[in-house]
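Have a look at the structure first.

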Amino acid sequence: MDYPLLERGVQQWWDDHDILKKYLNRNEQASKRWSFVDGPITANNPMGVHHAWGRTYKDLWQRFNTMRGYRQRYQNGFDSQGLWVEVEVEKELGFKNKREIEEYGIGLFVEKCKERVLRFAERITEQSLRLGEWMDSPNSYYTMSDENNYTIWGMLRTCWQNGWIYRGRDVMPWCPRCATGISDMEINEGRRTVQHTSVYARFPLVDRPGEYLLVWTTTPWTLPANVACAVNPDLHYVKVEQDGDFYYLSADVVGKLNKLRGHEHGAAKVVETLEGRDLLGWRYTGPFDELPAWQDAGAEHRVVAWDEVTAAEGTGIVHIAPGCGREDFGLSKGDHLAVLAPVDENGVYLDGYDWLTGMSVGEVARPIFENLREKGYFYQTESYQHVYPHCWRCGTELIFRLVNEWFISMHELRERLIRIANDIRWIPAFGLDRELDWLRNMEDWMISKKRYWGLALPIYVCDDCDEFEVIGSREELRERAVEGWEQFDGHTPHRPWVDAVKIRCAKCGGFASRILDVGNPWLDAGIVPFSTLHYRGNREYWREWFPADFITESFPGQFRNWFYSMLVMAAALEDTAPFKTVLGFATLKDEKGEEMHKSKGNSIPFDEAAHVVGADTMRWLYVTHAPEQNLNFPRIPTDEEAEAARAKGQPPRLSDLWMQTRSALDKLWNVYSFFVTYANIDEFDPTTRSLAVSKRSDLDRWVLSELQATVQRATEGLADFDAESASLAVAAFIENLSNWYVRRSRRRFWKSEEDADKRAAYLTLYECLVTVTKLLAPLTPFLAESLYQNLVRSVDASAPESVHLCDWPVADVKLLSPRLHDETSLVMRMVNLGRAAREKAQIRVRQPLGVLYARVGSDAEAEALQRLASQVLEELNVKRLELLPADSDMLVYSLKPLMKVLGPKHGNLAQKVLAALRATDAHAGAEALRERGSLVLKVDKQEVTLTADEVEVEASAREGYVAAEERGAVAVIETTLTPELLAEGLVRDFTHLVQEVRKHAGLAIEDSIETWLSTDADLAAIAVEYRGYIEQETLSKRFTVQSEGASLAPSGDGVYRENIPAAKLNGHAATVTVRKAR
RNA sequence: GGGCGAUUAGCUCAGUUGGUUAGAGCGCCGCUCUGAUAAGGCGGAGGUCCGUGGUUCGAAUCCACGAUCGCCCA
């Protein structure tokens, strides 16, 4: 099966018949509606296979609910604004920093960003269609749209009116390349383990000549901003003597000092012990006191207290630079320390830092070490490995920098958010805990970014009085505008155009300008449940579709990103949940279980996988997987392998894992092709035949019962957002259909006359196939369509045009039969045991056997087995079935203690009871339990009575009999082969060989033939005896047998002859000749 | 550094309120069936249930400590 080929054909047919449009319009008039909101995909690159996982879920639940008759919005969304786009456009343009963007022109740059977004949105739309994701693509939303941006303005204004917006001065993680702050949400995505050179420096104490504080830092660039040193007041410190100098450091690290001293230092000796609090207030000379920046600060260096200081790293004396570290900055507030912010937004030292001015933080480590050494501040360097934050987008190491940024206060929102999170159904359930954990611990939301392409934050600051206010809409801005409206009018609300507009300060009447910052992109995504549902312009419509019934995204990251930002928006605007159910799924890994990364070369482009493996197979992989577990995406053939196969006219050979994944689909395809083969031969038309189910066989009614149960399971699963159990139920049914129903029914299709039995078989199999096809429609839309067209539409022009326009199947509970289910399970079990027994005896199934002796667990099962004996016998090629009586000498018994009952009952004695039971003669014990229902044991000189509830009797076959057993059921076979049985076996072997010859001769299944057999006298005699059977099985109109003389078989065109070696026919060599009958 | 979770066959994972021979699928080896099959069936090999101690008549399961890994938060 070449699935990609089939899918291309189906897609073409859909296009030709406009099926997508008909699908989107199918429930236009429906009164019930189901609301799905698509999480915006970043329109910045083509899709990878990891995107296809979520998009498969998104599509399948929309399809399922379409088939169930719900009106829906089939809207997909594209995340359009933000640094990720800027970075890619910078790459395209060859820019290295923000200055180049400004020189190029912000307007041009922003237009480039828009272009890129539209380009990749189009690409992703095509790819999604290839996946079979059916969406209303002309109606897709973009977070860069005016609607989206202005809805955020309104939301921010509401926040401002509530007093939640504030301007903060804080030390933030900062990317010096992107020249922007990194929010708490983003910082986690870029943590990496790296090697840095840390430095130990010594700071001379002002009032203690020859004595130094020994401090340690991993960020030497912050030393010029040193203001203080912190010690833990409760920690022990020591004064050590080394080379005539005295150092103060934590008592715990003296050992380290000796290890670290290298060639430059002598041995260290402790001369005094003291507490951290003893050091407080000591003044020291800073390492860069000569710099103008420090001179201007007019401050002095001293030792301060900080109880977070430990001796685990460094020296227990911590270098404090309040302008370069978060904790440092926090400390500066309480201790009124000076704050030095040494670098600009690009991480370049500002004026006042002398020789450092103009250098960037990344290049100063060495020069600073040298400088310290020259000035006598250097002690030692040490290579140090640690986890350090990097820019999640460009990979640059972050610095910490004092900045002015804008925040939404979470103080009042936090409780609302927690309450709302509890109103949502999180799948898997731990999602709620994760979200709550974040909500409890999160800081205020930093919403500003000093970039170009993004939401223009509508915050206007007065040039005169520094008061700010937030504008909530375009209309409000126009009313308030006193300057620059003409330049803005006609443009999207983006930089640079919107920046031209000035308003009058409401407080002092001065000019107020928009801050130049753009917004955090999660504002863009979070507003989607409002903006896409026309919250601003059509509140009626919004009320109809809000909240979303369902959203689904890969959960790593989203708890603090999209889920979070939606919660914030909904909490701020309406104080209610923006969605009812969220399905989170885990991470897609490569075949070895490693993270996929483009840079690692192991990420798989969607197009490649779709081309080689196909969309349905990929979708099936996703839907059958447990969503909360990571999924390893199996290897796909390389382009070369795929092309080599296609050159030979074959589909690319897939790995075992793929074949395993796809096996249910392959089996279905085979059943389907079996049906089609015979239906064509017989010209069977399901629309003109019928037969009441009650008139069909047990086998038919069994499979129809299983079918109803499958419909129920699939429906319940999908309705509960559980694709895995739904799809596995369908797979299990296909397995039953293929390996039991069709296997057991084959002869009914082969036989030539069309009787009620054959009609029942056709109708039953047809119903199963059609129903399964509909169940598969949301899961594997291409395959389902292909089957549907051929099975249904080709014979019934009145049926819905496409499987995707059909109604979802409803289980007919009247057809459910637990009895048939149980009995068929019993037959299957007995057949398996019989096959196992044959295997042990090394007698192949083609050789008929005389008797199968069976034992089952209960009288009811025994009764059923006798009634269904023919199925067992036919399947096992055995003549007769006999039930084994309990006292049969073929059986041997063992006693199995049921500890779950015995344990609690006997307590301390339990182990001894167990030992006594094991010492008991099993046969006598079994008999006692059978006859009297109890068994008496002697334990520690007292008698203990065990009942049938406490001991299970297990029967198995006595040694010497060829048997198999499982859970109380036993099958024993009679292995004596009579001449008649041997002859029958031989005939079946021969028949099988003629079928092979037919196949080799290239004959069609339904072709009648003429057959000649030339062999020894024994086989000839048998062949003649079984002539009727052989002719019937091989469709031979004429069957000529000879054992001597010149061959009677013809030769020439259309005649096919094979010599059969004696080994294949139990010692009889033969020549078989066939020719298509005229 | 703090919190949570995990560790079971070569791989991916199940394993009920603790119950005495620890399972599945795949892979591997052998056999077998088949005029629907890239199918199916049967058998086999493969386990220190991460380690150590404890609780218990009985521990993969409960407790403690340790190791390793993952996730979340600093």
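At 68% relative accessibility, H336 counts as exposed (buried means under 20% relative accessible area, exposed over 50%, partly exposed in between, with a 1.4 Å probe and protein chains only). Its phi is positive, about 50°, although H336 is not a glycine. You'll find H336 in the loop between α12 (326–335) and α13 (365–375). Helices here are DSSP runs of H or I with at least four residues, strands are runs of E with at least two, and both are numbered from the N terminus.

Before going on, the housekeeping: this is a predicted model, where local features need pLDDT of at least 70 and side-chain atom pairs count only at pLDDT 80 or more, while totals for chains, interfaces and linings use all residues. Residues are numbered from 1 along each chain as its sequence is written, chains are lettered from A and ligands numbered from 1 in the order in which they are written, and side-chain values use heavy atoms, with hydrogens and water left out.

A179 also has a positive phi without being a glycine, at about 55°. A179 sits in the loop between β4 (165–175) and β5 (180–181), and with 0% relative accessibility A179 is buried.

Two cis peptide bonds are worth a click too. One runs from I427 to P428, with omega near -5°, and P428 is in the loop between β17 (425–427) and α15 (430–441). Another joins R495 and P496, with omega about 0°; P496 belongs to the loop between α17 (485–488) and β23 (502–504).

Then there's G244, in the loop between β9 (236–242) and β10 (245–250). G244 is partly exposed, at 48% relative accessible area. G244 and G210 are 34 residues apart in sequence, but their C-alpha atoms are 8.1 Å apart in space.

## Two open sheets

One open sheet has four strands in the order β5-β4-β16-β18, with antiparallel pairing; two strands pair if DSSP finds at least two bridges between them. At its edges are β5 and β18 (445–446), each pairing on one side only. Strand β16 (residues 399–408) runs antiparallel to β18 and is joined to it by two bridges, with I408 opposite W445. Helix α12 lies across β4 and β16, running at about 140° to β4. For angles like this one, axes are lines fitted to C-alpha atoms (for helices over the stretch in contact), and values run from 0 to 180 degrees between N-to-C directions. Contact means heavy atoms within 4.5 Å.

The other open sheet also has four strands, ordered β39-β38-β41-β40, but with mixed pairing. Its edge strands β39 (1036–1042) and β40 (1055–1060) each have a single partner strand, so one side of each is left without a neighbour in the sheet. On average, neighbouring strands of this sheet are turned by 15° against each other, direction ignored.

Strand β38 (residues 1009–1015) pairs with β39 in the parallel sense over six bridges, and I1009 stands opposite S1036 in β39. Helix α38 (residues 1027–1034) packs on the sheet and touches β38 and β39, its direction making about 135° with that of β39. Helix α36 (residues 979–1000) lies across β38, β39, β40 and β41 (1070–1076), at about 135° to β40.

## Two helix pairs

Packed helices are described by the angle between their axes and the distance between the axes.

| Helix pair | Angle | Axis distance |
|---|---|---|
| α23 (615–623) and α29 (781–793) | about 120° | 7 Å |
| α27 (723–750) and α28 (756–776) | about 160° | 11 Å |

The angle makes α27 roughly antiparallel to α28, whereas α23 and α29 are oblique to each other. Here, angles under 35 degrees count as roughly parallel, over 145 as roughly antiparallel, 65 to 115 as roughly perpendicular and the rest as oblique.

The α23–α29 contact is made by A615, D616 and R619 of α23 and P781, F782 and L783 of α29. By class, that's four nonpolar, no polar and two charged residues. Ala, Val, Leu, Ile, Met, Phe, Trp, Tyr, Cys and Pro count as nonpolar, Asp, Glu, Lys and Arg as charged, and the others, Gly among them, as polar.

In the α27–α28 contact, the α27 residues include F733, L737 and Y741, and those of α28 include Y762, L765 and L769. The residues of this contact divide into 16 nonpolar, one polar and three charged.
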